[in-house]
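User: I'd like to learn how to read sheets and interfaces. Could you walk me through an example?

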Amino acid sequence: MKKIKIPLISLGLSLITGIIVILLIGKNPLTAYQNLLQGSGLLPKPSYAGYKNMFTDFMVFLNTLTPMVFAALSVVVAFKAGLFNIGVSSQMLFAGFIATITIGYSPLNGFIAKPLVIIIGIMAGALLGALIGFLKYKFNINEVVSSIMLNYIVQYTTSFFINTKYIDVVSRQSKNISPDASLTLKNIEIAGLKIDIPLGFVVAIIVVIIIKIIINNTKFGYEIEAVGKNKEASTYAGINVGITLVKAMLLSGALAGLAGVTYYLGLNLSIQPRTLPTIGFDAIAVALFGNLSAIGSFIASFIITIITKGSAYMSSISKVPAEIASIIIALILVFSACGAYIKLKKGAK
Amino acid sequence: MSDYIIEMKNITKKFKGIVANENINLSIKKGEIFAILGENGAGKSTLMSMLFGMNKPDEGEIYINGQPRDIKSPNDAYKLNIGMVHQHFKLVSEYTITENIVLGNEPMKKKFGLFPHVDLKEANQKVKELSQKYGLQVNPTDIIKNTTVSTMQRVEILKMLYKEAEILIFDEPTAVLTPQEIELLLEVIVNLKKSGKTIILITHKLDEVKKVANRCAILNKGKLIDIQEVANISTQDMARLMVAKEMSFNIYKPTIELGDIILDINNLCVKTNIDVVKNVSFKIHAGEIFSIAGVSGNGQVEIADAICGILPCKGSIKFNNIEISSLSVRERVNIGYIPEDRHKHGLILDFDISRNAVLRDYYKPQFCKDNIILKNEFVKFADSLISKYDIRCANGAKTNMRSMSGGNQQKVIIARETSRISKLVIFVQPTRGLDIGARQNIHNEILRLRAMGTAILLISLELDEIMQLSDTIGVIYNGEIQTIKEASQLSKEDVGEFMMGVHA
Amino acid sequence: MDTIIIDGMSFSLPLLIAAIGCIYCERSGIINLAIEGFMGVGAFSGALAVVLTSNIFPQGGIASFILAMTCAILGATLFSLLHALLCIKFSANQTISGITMNILAIALTTFLTKQINSSLFNKPSAKLELGITQKFTIPYLSEIPIIGAFFQEIYIFNIVIIIVAILAWYFLYYRKFGVYLRACGDNPQAVAACGIDVVKTRMYAIMISGALSGIAGISFAYSIFANFSSNIYVGYGYLSIAALIFGNWKIIPTLFACLIFGFSRSLGYSISSMLELPSTFSDIIMTLPYILTLLLLIFFSKNNKMPKALGEIYDQSKR
């Protein structure tokens with residue numbers, strides 16, 4: 001109960017602030033918030049286009065949610081080891097790019113292609129993550145700096161290859177992948193509806209549980225946390241700090257890789273060159289809001305995605321600008337960051 | 001005008017309901033050396049911290065030069081020319097000695113008559129003059145992090161003199177010094193008095209009081225017991241008043257037959273940035289307490305780290321006749337090791353007791369199966385340590401380490417390291433910062449292990465502790481062992497000379 | 001050649017001034033990942049002032065420039081107080097607080113830009129269009145071969161930045177304030193024991209970092225990018241942090257790091273245009289500064305040491 005108190009208070013305060021802002025611009029806050037839920041398929045909209053209803057909206061919502069869950073987990077794992085993975089975005093892009101050009105453009109059938117996409121995504125992300133860990137371990141390069149450098153390097157390098165080899169001249173994006181490689185089954189007709197089925201979401205739920213177990217119940221989890229909290233004492237305990245850091249970044253990168261493939265080969269089918277996915281940065285916020293725990297970040301992803309996903313519908317229906325959503329998210333963070341103070345004050349009493 | 005430079009009247013101070021000082025009255029004359037005597041936790045430091053503005057009395061008044069004063073901060077204290085040399089030095093490690101001394105009162109100069117800047121040349125000159133005037137030798141341009149403990153202390157004193165302090169409070173100044181350094185410091189203190197300064201000396205060392213102080217106040221459990229002219233009171237009487245109950249100064253230590261050689265070190269060398277340990281050799285037998293005496297920073301901690309595999313080394317380390325010098329920390333983990341800095345090395349403060357209790361054993365089969373940690377076993381083990389070693393904690397095995405007192409934190413480490421059946425336990429500064437009861441417990445634990453036939457390596461900066469406990473003493477200076485002798489064949493003064501590398 | 005120097009300088013200098021601000025903050029012991037947010041708010045405030053007054057003060061003119069600069073500094077400094085509040089008053093985790101500032105800054109500036117555009121100018125754009133401030137060329141000096149380019153087509157910003165940077169360097173290393181500030185990042189307890197107010201010193205440090213980031217932000221907006229929108233500064237805040245870590249929290253080495261970023265960027269652009277490569281190749285060239293930095297870091301990071309008390313929550317009661 002204690003654990004969720006501060007996030008809940010933060011959420012509450014931010015929503016209240018949101019109400020005030022919406023009132024200030026002369027709109028109805030309650031309708032606006034209702035629109036957020038409607039846009040995420042959690043409340044019924046007044047009318048639907050053909051083949052669509054609340055359930056199809058909800059599936060789209062889950063599809064959007066999936067990469068966010070992975071990205072937040074990636075941030076959590078790094079944070080546990082005392083590392084700040086600001087390179088989630090480039091790890092996502094790299095994994096998405098590699099999976100796209102190897103499997104996405106191959107004629108493989110779905111049963112082989114989809115698992116391969118996941119495996120390649122994990123490997124590509126892990127490789128890049130481990131590189132950051134290795135640079136820190138071997139050369140004492142601050143992970144923030146190396147991540148930022150790699151963000152740029154990956155962004156421009158992939159852009160170069162996309163622009164020279166894989167470009168779709170009309171959309172200015174990479175060519176769409178074959179539907180067999182997509183982790184989301186698009187527009188499947190069931191019972192008169194056209195539904196997107198995000199297979200990645202199933203993987204996400206499994207992975208949340210696995211990461212929770214790794215952090216809380218395994219030897220590796222104990223070591224990661226020990227290293228994150230006190231490197232000297234970890235050395236004294238016989239833990240190889242350097243290797244543990246590399247392993248933690250490897251795992252963090254692998255999760256970012258999963259985020260990458262569910263984003264580029266699921267939610268989307270192509271890659272926009274020269275652009276890092278903002279999810280990688282938003283995930284930091286989500287992870288923090290989720291108390292840096294596996295289950296917590298899943299719940300936080302859910303809440304934050306409602307706000308981001310629903311904001312498009314909100315702005316189209318109520319004419320409340322979608323940017324309100326990002327302001328609310330930022331405020332949640334501000335209030336959560338003050339949470340440490342509330343804890344401290346309580347301890348002093 | 002009052003005769004007294006300082007008068008403290010009816011001072012009472014409580015912390016969270018615990019009375020640290022109770023209705024204390026004392027007056028200090030200008031130009032005297034006034035000692036405040038008492039055991040750890042008697043309330044000496046608290047009393048003086050109020051004079052220095054770090055704490056505020058709950059009741060009572062402080063008069064300086066006959067005027068009632070409300071000292072709210074160290075800044076107020078400086079304005080009243082009160083300075084304090086703290087037990088834990090407060091120095092900026094990356095700055096030079098001069099920069100530290102003048103911090104807050106830098107001399108300024110104008111470049112091209114336009115740009116004011118801190119005038120380090122002038123400052124260096126001032127520091128040099130000051131150091132010569134009071135016989136406190138320092139090299140003004142040395143960086144603090146490269147200097148010795150006794151130099152840092154001289155810097156702290158100079159800092160106060162630079163601020164023109166007339167009243168100087170010394171908080172346990174001799175705790176970390178060698179006997180020779182103590183002599184020097186006491187001389188400095190006497191010189192300061194001669195030049196008209198008033199000195200307050202917080203200490204629990206009676207011989208120092210006897211040597212230099214004019215008068216002394218004796219505190220016990222927060223109460224002022226007595227104020228005496230030092231000339232009129234014997235050390236025995238002082239000691240009696242200090243502890244209120246008769247205390248035996250000697251620890252009962254039975255003679256034990258030495259067993260087999262447990263640890264055999266030959267030509268051990270450790271290199272960090274410099275050669276910190278040079279060709280050190282010694283042996284420890286079962287049932288022997290082997291101590292390494294030395295001034296802080298002479299390589300003793302590195303020896304302990306090297307034995308446990310935390311630092312790489314050259315030379316031979318044989319444990320139970322097996323060469324272990326190339327093994328990993330993990331493979332040597334059954335050597336018990338109580339490290340010097342418990343917060344930095346010994347514990348993970350953000351973990352609870354149960355997770356700390358298994359810090360060096362969590363991977364072993366009893367705590368970890370197929371890579372899954374057995375948290376219930378952690379808790380069970382922690383509970384057993386808590387009851388066996390009488391560890392005081394609020395929430396049992398789930399208590400966060402950070403919320404516990406220093407003594408109980410240290411108990412967790414000692415419990416962990418000694419509960420393992422181990423033939424060798426290394427203690428580094430095991431009683432640093434602990435009160436007298438906790439010290440006694442730890443000393444008893446060391447003797448208990450000795451009686452069980454455990455080989456013990458004790459590394460301490462406190463000579464008293466070493467003299468009391470050791471069977472054999474090795475003295476280290478500048479990374480080299482100066483001598484190894486049976487404890488009975490070395491006097492405290494001998495050890496002190498070896499520690500300074502000046503024994504004839 | 002000339003364009004390499006001109007472009008290189010006008011990219012390096014804003015980075016440098018933001019990095020110097022961050023050095024102030026981190027040397028005082030407060031982690032500052034919020035540079036980007038400060039830059040954004042600064043650029044927004046400056047740009048807004050320019051747009052609102054463009055009837056009175058023509059865009060690109062000297063009055064408009066002074067106004068932009070002042071408002072950028074004020075806006076960013078005010079915003080930085082929020083970081084100070086969180087880090088100092090609320091003992092928040094400083095890393096987290098910094099990221100929060102960035103997210104908040106983007107959200108706020110984008111929202112406000114849109115609101116203002118739609119209500120005042122009746123267009124739904126997320127950009128504030130700006131002109132470009134005057135450039136000028138110093139006579140005689142600019143005619144020296146090669147180096148002369150340093151004196152050609154200089155934005156006024158560059159001059160301001162150079163002056164401020166020199167002042168910042170002088171204050172950090174030669175004035176009491178700088179001495180105390182750096183001591184706060186090493187051992188705040190020692191500083192407090194000398195009667196210096198650690199909390200105040202750190203607060204000023206954060207505000208200075210806000211002000212300098214504001215200068216950086218408006219310099220980008222009102223010169224090379226000629227508009228304000230969130231994508232003109234995103235990434236550059238972190239880049240300047242990379243520069244200062246590379247420079248080991250010291251101003252002069254950080255200057256070199258910024259010059260490497262700026263010049264390899266402009267060099268890359270001019271090489272690709274000189275060789276008449278297809279525009280796609282500029283992508284490959286754009287990776288050069290970052291690859292170069294990584295390589296340099298491999299050789300120079302061994303002795304990298306951050307300020308001792310960086311990120312520690314300062315507890316006044318801890319003695």
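User: In which sense do strand S16 (residues 314–319) and S17 of chain B pair, and over how many bridges?

Analyst: Strands of a sheet pair through backbone hydrogen bonds, either parallel or antiparallel. Here S16(B) and S17(B) pair in the antiparallel sense over two bridges; strands are DSSP runs of E of at least two residues, and helices are runs of H or I of at least four, numbered from the N terminus. Two strands pair if DSSP finds at least two bridges between them. B:Lys318 stands opposite B:Glu323 in S17(B).

This is a predicted model, where local features need pLDDT of at least 70, side-chain atom pairs count only at pLDDT 80 or more, and totals for chains, interfaces and linings use all residues. Residues are numbered from 1 along each chain as written, chains are lettered from A and ligands numbered from 1 in the order written, and side-chain values use heavy atoms, without hydrogens and water.

User: In what order do the four strands of the open sheet in chain B lie?

Analyst: The order is S14-S13-S16-S17, with antiparallel pairing. Strands S14 (275–285) and S17 (322–323) of chain B are the edges, each pairing on one side only.

User: How many residues of chain C are in contact with chain B?

Analyst: Contact means heavy atoms within 4.5 Å. By that rule, 21 residues of chain C meet 22 residues of chain B. Zero salt bridges are found across this interface, a salt bridge being a side-chain nitrogen of Lys or Arg within 4 Å of a carboxyl oxygen of Asp or Glu. H6(C) supplies the largest share of chain C's side, seven residues.
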